[in-house]
Amino acid sequence: MPPLPGPRRTGNRFLDRLPAAARAALAAALEPVDLRAGDELLTAGGPLPHVYFPAGGLVSVLAETADGGEAEAAAVGREGLVGVAALLGATVGPVRAAVQVAGPALRADAAAVLRVGRRVPAADRRFRRYAAYTLRAVAQTAVCAAAHPLRARVCRWLAAARAKTGRDEVPITQEALAVLLAAHRPTVTQVARTLQEAGLIAYRRGTIRVTDPAGLEAAACGCQRVIDAWYARMLNSE
Ligand SMILES: [Zn+2]
């Protein structure tokens, strides 16, 4: 039986919501890849050969501290793309990007994406607006880290991870979550225990399952709502 007619869905919301001319121009540059947990997609100071569009997993964009630590500046799932600096013409990656949650993705040569941007004004506008959205999201993450208690930030991260992967079960250890949020592991463990006691999550080694999505979102700070509103604004712009 032939496939039903209609627009092809990639599973990545940014791609699927591109203006038709931009989507058509980009289609030939996309190749499916599987992202495995721990894969490093970008290195700080390294080249920017590809742009990735996750369609099920989760990628952490990480910024380093001077003493060799790091923390998450942004999480990218099926709503976004990894390699935004390449869209702006950068040739050296400013940040590291590592896969947190395995899943499918589409990948394109950064040079091919740039060519599409030069040829198709609708694509260029959307890429620039995505870059502006990213700046806003990273700014909110900085405010969140400075202003909000860890419990609210853990809830925000888990609720966002659920939305960005489309799965209730997030395969992440409490050690990894502590690194992403620049928090002490024992404090993250304590927070996870209170969330489990409240019936919001259930965890076993290496996996956190969201059992009460609405309750988790209510316990989260409002930063993700701010970021999501800017995302919707970007997506609905022409
Ligand atoms: Zn916050």
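Donors are N, O and S atoms within 2.8 Å of the metal. The model treated in these exercises is predicted.

**Exercise 1.** Determine which atoms coordinate the zinc ion and which spacing the donors follow along the chain.

*Solution.* 
Step 1. The coordinating atoms are SG of Cys144, ND1 of His148, SG of Cys221 and SG of Cys223, at 2.2 to 2.3 Å.
Step 2. Along the chain, the donors of the zinc ion are spaced as C-x3-H-x72-C-x1-C.

**Exercise 2.** Classify the arrangement of the four donor atoms around the zinc ion.

*Solution.* 
Step 1. Four donors count as tetrahedral if all angles lie between 85 and 135 degrees.
Step 2. The angles subtended here are 98 to 120°, so the arrangement is tetrahedral.

**Exercise 3.** Decide whether cysteine 144 and cysteine 221 are buried or exposed.

*Solution.* 
Step 1. Buried means under 20% relative accessible area.
Step 2. Cysteine 144 counts as buried because its relative accessibility is 1%.
Step 3. Cysteine 221 likewise counts as buried, because its relative accessibility is 9%.

**Exercise 4.** Describe the packing of helix α2 (residues 20-27) against helix α4 (residues 110-119).

*Solution.* 
Step 1. The axes of α2 and α4 are 10 Å apart, and the helices pack at an angle of about 145°.
Step 2. The crossing of α2 past α4 is right-handed.
Step 3. From α2, Ala22, Ala25 and Leu26 meet Val113, Val116 and Arg119 of α4.
Step 4. The residues of this contact comprise five nonpolar, no polar and one charged.

Notes:
Residues are numbered from 1 along each chain as its sequence is written. This is a predicted model: local features need pLDDT of at least 70, side-chain atom pairs count only at pLDDT 80 or more; totals for chains, interfaces and linings use all residues. Side-chain values use heavy atoms; hydrogens and water are left out. Axes are lines fitted to C-alpha atoms, for helices over the stretch in contact, and angles run from 0 to 180 degrees between N-to-C directions. Helices (H or I, at least four residues) and strands (E, at least two) are DSSP runs, numbered from the N terminus. A crossing is left-handed if the near helix is turned anticlockwise from the far one by less than a right angle, and right-handed if clockwise. Contact means heavy atoms within 4.5 Å. Ala, Val, Leu, Ile, Met, Phe, Trp, Tyr, Cys and Pro count as nonpolar, Asp, Glu, Lys and Arg as charged, and the others, Gly among them, as polar. Donors are N, O and S atoms within 2.8 Å of the metal (3.2 Å for Na, K and Ca); water is not among the atoms, so sites may look incomplete. Four donors count as tetrahedral if all angles lie between 85 and 135 degrees; four count as square planar and six as octahedral if opposite donors are over 155 degrees apart and all others between 65 and 115; anything else is irregular. Buried means under 20% relative accessible area, exposed over 50%, partly exposed in between (1.4 Å probe, protein chains only).
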